[in-house]
Amino acid sequence: MWLLPATALLWTSIIAASPSTVLAGHANDSSQPEPRYDPATVISIVGVIQDVREMVHPAGTRGIHVMLKVEKRTVQVHLGPAGFLGAFELRVAKGDSIQVTGSKVKFGGSDLILARQIRKNNEVLVLRDDDGRPYWEDEIFKNCFR
Ligand SMILES: [Zn+2]
């Protein structure tokens with residue numbers, strides 16, 4: 001009579017332990033949340049573009065990143081989705097000197113600037129509103145650029 005409850009208890013603990021084992025396989029997805037724009041960490045920098053590439057965030061979103069040479073450092077800047085950026089006159093390419101205003105956040109252990117605005121020569125491209133909300137998430141744009 002004593003054995004039955006003990007066995008039941010053992011099984012309960014195995015079942016309770018298994019969900020975390022299953023979730024461990026997806027650890028990469030949840031350990032690196034999407035970097036969040038923080039208006040309190042907005043900075044403005046000027047640098048020369050060393051590289052432009054499309055990156056896939058761990059959460060699955062894609063975006064154009066530029067590697068900006070700022071004095072002796074290289075700063076990574078997240079601009080926005082390629083489809084959205086392609087809709088504007090202002091294009092960025094390797095060798096361009098640009099000014100970036102955006103929120104400095106941590107992403108994958110290093111610094112990342114979530115750009116709110118970029119300026120090249122006299123052209124300005126505004127990517128987010130003052131609170132950091134991306135314009136590509138606006139209803140107007142949503143249906144146009146993917
Ligand atoms: Zn990005």
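Start in the loop between E2 and E3, and select Glu-71. Strands, like helices, are DSSP runs numbered from the N terminus; a strand (E) has at least two residues, a helix (H or I) at least four. Glu-71 is not a glycine, yet its phi is positive, about 50 degrees. Glu-71 counts as exposed because it has 9 C-beta neighbours inside 10 Å.

Some ground rules before moving on. This is a predicted model, in which local features need pLDDT of at least 70, side-chain atom pairs count only at pLDDT 80 or more, and totals for chains, interfaces and linings use all residues. Numbering starts from 1 along each chain as its sequence is written.

**Whole chain**

Zoom out and colour by secondary structure. The protein chain has four helices and six strands. From the N terminus, the order is α-α-β-β-β-α-β-β-β-α. Of its 146 residues, 16% count as buried.

Now colour by pLDDT, the predictor's confidence in each residue, from 0 to 100. The chain averages 81, and 73% of the residues score at least 70. Select residues 7-30: here the pLDDT is below 50, and beyond near neighbours in sequence the stretch has three contacts in the model. A contact means two C-beta atoms, placed from the backbone, within 7 Å. Where pLDDT is low, the predicted coordinates should not be read in detail.

Select residues 42-56 and 62-70. These are E1 and E2, which run antiparallel and are joined by eight bridges. Two strands pair if DSSP finds at least two bridges between them. For a landmark, find Val-48, which stands opposite Lys-69 in E2.

Five residues lie between E1 and E2, and Gly-60 in the turn has a positive phi of about 105 degrees. Ala-59 is also in the loop between these strands. Is Ala-59 buried or exposed? Ala-59 counts as exposed, because it has 12 C-beta neighbours inside 10 Å.

Val-70 stands opposite Arg-73 in E3. Further along, Val-66 stands opposite Val-77 in E3. The E2–E3 hairpin has two residues between the strands, and Glu-71, the opening stop, takes its positive phi there.

**E3 across to E5**

Stay on Val-77. It also stands opposite Ile-113 in E5. In which sense do E3 and E5 pair? The sense is parallel, over three bridges. Another pair to show is His-78 with its bridge partner in E5, Leu-114.

Now show E4 with E5. They pair in the antiparallel sense over nine bridges. Val-105 has Leu-112 in E5 as its bridge partner. Two residues separate these strands in their hairpin, and Gly-108 in the turn has a positive phi of about 60 degrees.

Continue to E6, antiparallel to E5 and joined to it by four bridges. Gln-117 stands opposite Val-126 in E6. Then select Asn-121, in the loop between E5 and E6 (123-126). Asn-121 is not a glycine, but its phi is positive, about 50 degrees. Asn-121 is exposed because 10 other C-beta atoms lie within 10 Å.

**The core**

Show side chains for Leu-68, Val-77, Leu-79, Val-100, Ile-113, Ala-115 and Ile-118. These have the most contacts inside the largest nonpolar core, which has 15 residues. E2, E3, helix H3 (82-85), E4 (97-107) and E5 (110-120) each supply at least two residues of this core. The largest share, four residues, comes from E5. A nonpolar core is a set of buried Ala, Val, Leu, Ile, Met, Phe, Trp, Tyr and Cys residues joined through C-beta atoms within 7 Å. In soluble globular proteins, nonpolar side chains tend to be buried together.

Finish on Leu-68. What is Leu-68 in contact with, leaving aside its neighbours within four places in sequence? The partners are Ile-45, Gly-47, Ile-49, Thr-74, Val-75, Val-77 and Val-100. For the chain as a whole, 53% of contacts between residues at least 6 apart in sequence join residues at least 24 apart.

Technical notes:
Buried ≥ 20, exposed ≤ 12 C-beta atoms within 10 Å, placed from the backbone.
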